[in-house]
Amino acid sequence: MQTLQQLQKGELKGVSSLKLSEQLSEFPEEIFELADTLEYLDLSFNKLSALPADFGRLKKLKIFFCSENQFTVLPEVLGDCPLLDIVGFKSNLIETIQPKALNPNLRWLILTNNRINELPAEIGDCTRMQKLMLAGNRLKELPTSLSNCQNLQLLRIAANQLIELPQWLLSMPKLSWLAFSGNNFNHKHEVKTSEAINWGELKIKHLLGEGASGVISQATWNTEGLAKDVAVKIFKGAVTSDGLPQDEMDACIVAGNHHGLVKLIGQITNHPENKKGLVMELIPKSFFNLGLPPSFESCTRDVFKPCNSLTINQVLKIASTIASVAEHLHSKGIMHSDLYAHNTLIDDNGNTLFGDFGAACFYDKTENAIAEKLEHIEVRAFGCFLDDLISLCTENDDPAIHSLKTIRDNCMSIDINQRPKFEFLSSQLAKLTR
């Protein structure tokens, strides 16, 4: 994080990246002095409501974040930056999107948690778009022109007011991660109450991690005279980039038990702040994340540490488990919507646990045509996952790799109707697993 004082003194001359958060109410004109080099600009967590008319002077700007500000209109001057690739205006007060603001060069657009009622038809001109984040707005429909964005791979439209899931959306050739819970058309799934665990029986020990939807801690659960180490997730309650915490909690409960899922023990009751939470089995310390979330460059695809490598036996075991988990979820009318290596935990033996239901959605299994297309969308995500596993494998000459490549290609078929179902994938991978 740099400072406004450094900028004004000329100490940042020649930088390619600038991040300022100092309760700014006006755009600092000194930023234009960096126009020849500036590629990344983050003005999040300020009080800005407008950008200067000559914002396009930042000709080299590729990434611009302006989240947690006070914009009511997405500025049309965004369209004046020829190289602008990623834009984020999360958690502003945006009601209107100026058509010109939709820079046709955009590849990743984040407008989560605003007040947007409609998208301009010009969104269809953004044919490079791969990732579009629209959760937590007031959209009642999506423009059909969005179907022109044939490169779209990840779409978040949860927590809006959509009255239907457009049919054209379900045939997008590269769409792989689609989150749509919390809309007017959503299927209301029966959620049975899981075991109630009194907050007073839990002793929080230390933080394990924090995500968009909640905080996970290790705790001791004292019950029936026994003390058991568990994981506790307390939900924050606010809309996230993926959807609503209540939908995540419901999906966890309905998912039930599977050897590839983190086991749910019960729901928390009597929290002192009336927060909702879940108690889960503690994951053994031998497990670690298979991948890292996408980078700015990879956009929708996970990235991996240079030292990451897998044997063919590990690859087969991981792929088989995830296919089985996905089959299990879809049998219950659950679309996970975030099938990624970074949501996958493995150990050195290839034992696998899958989690993070933050983007999960329920759908009606009796609506066969829609149900099949939703599954086929997630099958493409599995194809990307399989592609990552293959790239990490150290035994490229093993005959099983050729089989995996064929399965991958079938999962990623441009013709969505030609993709296999998870039941078939689970069966095929089980046969390959050693």
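## Phe64 and the cores

Leaving aside neighbours within four places in sequence, Phe64 is in contact with Leu41, Leu43, Leu51, Phe55, Leu78, Leu84, Ile86, Val87, Gly88 and Phe89; contact means heavy atoms within 4.5 Å. This is a predicted model, in which local features need pLDDT of at least 70 and side-chain atom pairs count only at pLDDT 80 or more, while totals for chains, interfaces and linings use all residues. Residues are numbered from 1 along each chain as its sequence is written, and side-chain values use heavy atoms, with hydrogens and water left out.

Phe64 is also one of the residues that touch the most other members of the largest nonpolar core, along with Leu41, Phe55, Leu58, Phe89, Ile157 and Leu178. That core has 68 residues. A nonpolar core is a set of buried Ala, Val, Leu, Ile, Met, Phe, Trp, Tyr and Cys residues joined through side-chain atoms within 4.5 Å. Buried means under 20% relative accessible area, exposed means over 50%, and partly exposed lies in between (1.4 Å probe, protein chains only). Helix α1 (4-8), strand β10 (177-179) and helix α4 each supply at least two residues of this core; the largest share, three residues, is that of α4. A second, separate core has 61 residues, among them Trp177, Ala323, Ile334 and Phe422. In soluble globular proteins, nonpolar side chains tend to be buried together.

Helices (H or I, at least four residues) and strands (E, at least two) are DSSP runs, numbered from the N terminus. Helix α4 has 25 residues and spans 36 Å from its first C-alpha to its last, close to the 36 Å expected at 1.5 Å a residue. The expected span is 1.5 Å times one less than the number of residues. Of the 25 residues of α4, 18 are buried, so this helix is mostly covered.

Helix α5 (residues 399-411) has 13 residues and reaches 19 Å between its end C-alpha atoms, close to the expected 18 Å. Its buried residues include Ala400, Ile401, Leu404, Ile407, Arg408 and Cys411. They lie on the same side of α5, because they cover an arc of only 120 degrees around the axis (the arc is that of the directions from the helix axis to the C-beta atoms). An α-helix has 3.6 residues a turn, so residues three or four places apart point the same way. What covers the buried residues of α5 includes α3 (312-331), α4 (368-392) and α6 (422-432). At the start of α5, a side-chain oxygen of Asp398 comes to within 2.9 Å of the backbone nitrogen of Ala400.

Asn92 sits in the loop between β5 (86-88) and β6 (96-97) and is buried at 6% relative accessibility. Its side chain makes two polar contacts: a polar atom lies 3.1 Å from the backbone oxygen of Cys66, and the side chain reaches the backbone nitrogen of Phe71 at 3.0 Å. A polar contact is a pair of N or O atoms within 3.5 Å; within protein, one must be able to donate a hydrogen and the other to accept it, and residues adjacent in sequence count only if both atoms are side-chain atoms. Not counting residues up to four places away in sequence, Asn92 touches Cys66, Ser67, Glu68, Asn69, Gln70, Phe71, Asn113 and Asn114.

Thr96 belongs to strand β6 and is partly exposed at 39% relative accessibility. The C-alpha atoms of Thr96 and Thr72 are 6.8 Å apart, although 24 residues separate them along the chain. Beyond four places in sequence, Thr96 is in contact with Thr72, Val73 and Leu74. Thr112, in the loop between β7 (108-110) and β8 (131-133), is buried with a relative accessible area of 0%. Among the residues that Thr112 touches are Phe89, Lys90, Met133 and Thr240.

## Cysteines

The structure holds zero disulfides, a disulfide being a pair of cysteine sulfur atoms within 2.5 Å. For Cys361, the nearest cysteine sulfur is that of Cys252, 13 Å away. Cys361 is buried at 1% relative accessibility. Cys384 is buried too, at 2%, and its sulfur is 9.4 Å from the closest cysteine sulfur, in Cys411, which is too far for a bond.

## Positive phi angles

Most residues other than glycine have a negative phi. Ala159, in the loop between β9 (154-156) and β10, has a positive phi of about 55 degrees. Ala159 is buried at 12% relative accessibility. Ser337 also has a positive phi, near 70 degrees. Ser337 lies in the loop between β18 (334-335) and β19 (344-346) and is buried at 0%.
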